[in-house]
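Good morning. Please have the sequence and the model open while I talk.

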Amino acid sequence: MREEGSRQGYGRRVLLAALLLGLGGAQAVPAQAPLNAGEPNRAAPTASSFAGYIEGLRGKARALGISDRTFNNATAQLTASERVLVLDRGAGPTALDAPIPDFEPYRRQHVSAALIARGRTVYAANRALLGRFETETGVPEAIMVAIFGHETSYGAVTGDFDLIRSLATLAYDGRRRALFEPELLAAMQILERGVPRERLVGSYAGATGYPQFLPSVYLRDARDADGDGFADIWRSQPDALASIAGYFQRAGWRKGEPWGIAVSVPAGLNRAALAGRTEPTRCPRVFNRHSRWQSMAEWRAMGLAPVGAAWPDDRVMATLLEPDGPGKTAYLLTSNYRVILDYNCSNFYALSVGLLADAVSK
Ligand SMILES: [Ca+2]
């Protein structure tokens, strides 16, 4: 099933535009790299030119404080991975007008009774720490747990690709070098800190550990919460949960506001009059589905009503999303929902994270 989100085809032009606009900093680097393919297959890179490309990075590595020893260890006998290239090209670009399936089947799979039950176990096991992280960052305990659950099934599925090899392959491949070359160098910086190479495994696109962070996100947002001085997002649940909170805090989570609420929409709502007024600057297939922003007071005046949730403060701003079309459950989504999209730009992803968090905390 192809949903509308980043992992299924966040357009190259959007990413390049973001980079060219100088948005490649804190706000524009998601926790994971969006999948992105769409150019004709080329011949696989040859080993000699790959090795030449890698050797050419030595100066950049040195400038970042990466020792020759670390660089040599990381790149010795390194080859491009054909499997990574195949996976990277496999998704293909998603046309802006391609049909989007209903959310409900996805919700049943990703907000399952099993995931809710295991989330409650993680919640109970880390209760004291989670409370402290929420106090420090404003990020709800259950959101940290839900991201952990959604990303890696609470640490059960973290990926087994060698990160250095995957990132080197994608950087050398060149289509997204602007994204992956810095990530390769960031991975070497993590090695330089003493993290063993065998720990640096993850998705084919370079996401690693319990929260599936890109290496640059690890360097920026990862935190040590269990007090051993090392932010171990690969083996420590406290560290991983605190690191997720760190990400969300930096990305602008607003304390005390929900991510959104399920609502019923009155028959006859004039949806055309509510269309978004601005052209999205990133992942348009995700943002184009949202209405324009209105206050909760304005939504209430139009007859929208909460379904099983408390109505937020009247001044909170929200957009309307009807993922299964009119007459089905709809959602009013706050700016905190946009923070979840910052982590992974997909409405299905963000909705199911929010709903899993609500279910875990009940
Ligand atoms: Ca630690």
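This is a predicted model: local features need pLDDT of at least 70, side-chain atom pairs count only at pLDDT 80 or more; totals for chains, interfaces and linings use all residues.

**Helix packing and some loop residues**

Let me start with a pair of helices. Helix α5, residues 82-90, packs against helix α10, residues 163-173, at an angle of about 60°, and their axes are 9 Å apart. That angle makes α5 oblique to α10. The crossing of α5 over α10 is right-handed. On the α5 side, the residues involved are Val84, Leu85 and Asp88, and they meet Ser166, Thr169, Leu170 and Asp173 in α10. Sorted by class, this contact has three nonpolar, two polar and two charged residues.

I will keep giving both.

Now the overall picture. The protein has 17 helices and seven strands. There are 362 residues, and 46% of them count as buried. If we take the contacts with a separation of 6 or more, 74% of them are between residues 24 or more positions apart.

How do α10 and α11 cross? Their axes come within 8 Å, and the angle is roughly 150°. An angle over 145° counts as roughly antiparallel, so α10 is roughly antiparallel to α11. The crossing here is left-handed, whereas α5 passes α10 in a right-handed one.

From α10 we have Leu163, Ile164, Leu167, Ala168, Leu170 and Ala171. They meet Arg177, Phe180, Glu181, Glu183, Leu184 and Ala187 in α11. By class there are nine nonpolar residues, no polar ones and three charged ones.

An α-helix has 3.6 residues a turn, so residues three or four places apart point the same way.

Next, α11 itself. This helix covers residues 177-192, which is 16 residues. From its first C-alpha to its last it reaches 22 Å, close to the 22 Å expected at 1.5 Å a residue. Which residues of α11 are buried? They are Leu179, Phe180, Glu183, Leu184, Leu185, Ala186, Ala187, Met188, Ile190 and Leu191. Note that Glu183 is in that list, and that Glu183 is also one of the residues meeting α10. After α11 comes Gly194, which has a positive phi, near 105°.

Helix α11 has another neighbour to look at. Helix α4, residues 68-75, has an axis that comes within 10 Å of the α11 axis, and the two cross at roughly 115°. This crossing is right-handed. Thr70, Phe71 and Ala74 in α4 meet Met188, Leu191 and Glu192 in α11. The residues of this contact divide into four nonpolar, one polar and one charged.

One is Ser153, with phi near 50°. Ser153 sits in the loop between α9, residues 141-152, and β1, residues 161-162.

Cys283 has 25 other C-beta atoms within 10 Å, so it counts as buried.

The loop between β3 and α14 also holds Arg271. Arg271 has 12 C-beta neighbours inside 10 Å and therefore counts as exposed. Arg271 and Ser291 are 20 residues apart in sequence, and their C-alpha atoms are 8.0 Å apart in space.

Last, a residue in strand β3, namely Ile261. With 24 other C-beta atoms within 10 Å, Ile261 is buried. What does Ile261 contact, leaving aside its neighbours within four places in sequence? Its contacts are Pro306, Ala309, Pro312, Tyr331 and Leu332. Take Pro312: Ile261 and Pro312 are 51 residues apart in sequence, but 8.4 Å apart from C-alpha to C-alpha.

That is all I have. Thank you.

Methods: Residues are numbered from 1 along each chain as its sequence is written. Helices (H or I, at least four residues) and strands (E, at least two) are DSSP runs, numbered from the N terminus. A residue is buried if 20 or more other C-beta atoms lie within 10 Å of its own, exposed if 12 or fewer, and partly exposed in between; C-beta atoms are placed from the backbone. Two residues are in contact if their C-beta atoms, placed from the backbone, lie within 7 Å. Axes are lines fitted to C-alpha atoms, for helices over the stretch in contact, and angles run from 0 to 180 degrees between N-to-C directions. Angles under 35 degrees count as roughly parallel, over 145 as roughly antiparallel, 65 to 115 as roughly perpendicular and the rest as oblique. A crossing is left-handed if the near helix is turned anticlockwise from the far one by less than a right angle, and right-handed if clockwise. Ala, Val, Leu, Ile, Met, Phe, Trp, Tyr, Cys and Pro count as nonpolar, Asp, Glu, Lys and Arg as charged, and the others, Gly among them, as polar. The expected span of a helix is 1.5 Å times one less than its number of residues.
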